[in-house]
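Open your viewer and switch to a cartoon view. We will walk from a helix pair to the sheet beside it, one selection at a time.

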Amino acid sequence: TVARQIADHYKYGGKLDAYPNVDGVVALVHGTGCGMRNSGDGYDNLQRILSGYATHPNFGAVLIIGLGCEVMQIPNLMAKNELHGAENLIPLTIQDHGGSRKTIEAGIAEIDAILPSINQAQRQPIPISEIKLALQCGGSDAYSGITANPALGKAADILVAHGGTAILSETTELYGAEHLLTRRAINQTVGEALIERIRWWEDYTRNNGDEIDNNPSPGNKAGGLTTILEKSLGAMAKGGTSNLNGVFRYAEPIDTHGLVIMDSPGFDPVSATGQVASGANIICFTTGRGSTFGFKPVPTIKLATNSRLYQNMEEDMDINCGPIIDGQSTVEKIGHEIFEEIIAVASVQKTKSEILGYGDNEFTPWQLGSTV
C-alpha cells in the first residue's frame, strides 16, 4: 500500500509535466519476503530478483521499501549484492520512518529530489548487441509452432548475429524437446546444465504430487494443441537455430551473448519477472489465444499467431504472424519484420501494451519453499 500510494501521487495533477524524459513512477509489489526461510532456493530467487530490478538500466532510479522486520532484510540484500553506493538506489523502511504516512511522505520527497537529475538523461546511439531479448509465449495454439514462434526464432537469430542476446525460458515448456537444444550447446558443460535443470523439474513436480507434462492448458487444447511434446516443439522454435551459449538459474544475471536459457516455470508473469531480473530489456510475446500482457519497465511486443486473433484483438497485438499460414508471407519475412520492430521499440516506439498502460501488476517473483 505504501509503495502504491507513492506511485499514485505522480499519476494525477501533472506532477511529471516538468520532466518530459521521465515516463512515470511505477510500484512493483509482491507478497513474499516474510514468512519464508532465510536460505534456500526461494530466498536466493528473491535476492536475485530484487537485486536485478534494483540495477536494471530501464529504471532511472529505484526506491526499495520494506516493513523492517521481514526475513528479506534490505540491509542484507544490499550488502550481499554489493548494492551500497549504487547510483539512484534508495532504501526505506516503514518502521524506521514512523509508519505509513511518514514513509509515503519520505518516499515522495526522495523521488522529487531525484527527478531533475533523471530528467537530464538523453538517448544516445548504442550497438544492437546491447539488446537482451526475452522470448515468451502464452495462450499458445496449434499455429504457434508454425507461425509466430519460428518467426520470432528468425528474429532472435538475426539479433544474435548482431552480437545481441536472446533469452529462452519456460523450462517446463521445453520438456521433451530438450535433446534438440543440447545438440546445439557450445560445449558439454552447457548441455549438461540444461539436463540438470530438466531433472530438477522432474523431481520438483514429483515431490509436489504433479507431473511436468501436466500440460497443455484448456486454452491450449481449445487452440488445437494435444500434448506437452507438441507444445514444446513449438515453444522451442522461439529460440531460432543459433548455438546454445549458456544456461542460467532463475533471475541469475546473464553475462553471455547469443542464445541462452534462463530456467523458469512456464507461467508467463513468473518467467518474465526472472528474465527482466536477469537483464532482459525487451520482451517478445507470442500468443494464439490472445494475451493482455505488459511488463514495466520492459516493453512487450505481442505477436499474434493467426489473423483471426489479430483482427479480433488488434488493439493488444503488435504484429500479425497470420499471413504465414494465410499464404501471404513467410517465416523469414515476418522474422525480419519482428527484428525491425524490436529496433524501433528499443529506440522510441511504444508497444500496444505500453499505450494501454499494462505492466504494473505482472511483477511476480517465483515463490519456492514453504510459507511458515
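Start with α2 and α10, which are oblique to each other (angles under 35 degrees count as roughly parallel, over 145 as roughly antiparallel, 65 to 115 as roughly perpendicular and the rest as oblique). Select residues 41–54 for α2 and 268–278 for α10: they pack at about 55 degrees, with axes 7 Å apart. Axes here are lines fitted to C-alpha atoms, for helices over the stretch in contact, and angles run from 0 to 180 degrees between N-to-C directions. Helices (H or I, at least four residues) and strands (E, at least two) are DSSP runs, numbered from the N terminus.

Before going on, note that this is a predicted model, where local features need pLDDT of at least 70, side-chain atom pairs count only at pLDDT 80 or more, and totals for chains, interfaces and linings use all residues. Residues are numbered from 1 along each chain as its sequence is written, and side-chain values use heavy atoms, leaving out hydrogens and water.

Now show side chains on α2 and α10. Arg48, Ile49, Gly52 and Tyr53 of α2 meet Ala272, Thr273, Val276 and Ala277 of α10 (contact means heavy atoms within 4.5 Å).

α10 lies across β3 (132–137), β4, β6 and β7 (282–287), at about 170 degrees to β3.

Colour the whole sheet: seven strands, open and parallel, in the order β5-β6-β4-β3-β7-β8-β9 (strands pair if DSSP finds at least two bridges between them). β5 (244–248) and β9 (319–320) are the edges, each with a single partner strand, so one side of each lacks a neighbour in the sheet.

Zoom in on β4 (165–168) and β6 (258–262), joined by four bridges. Threonine 165 faces glycine 258 in β6.
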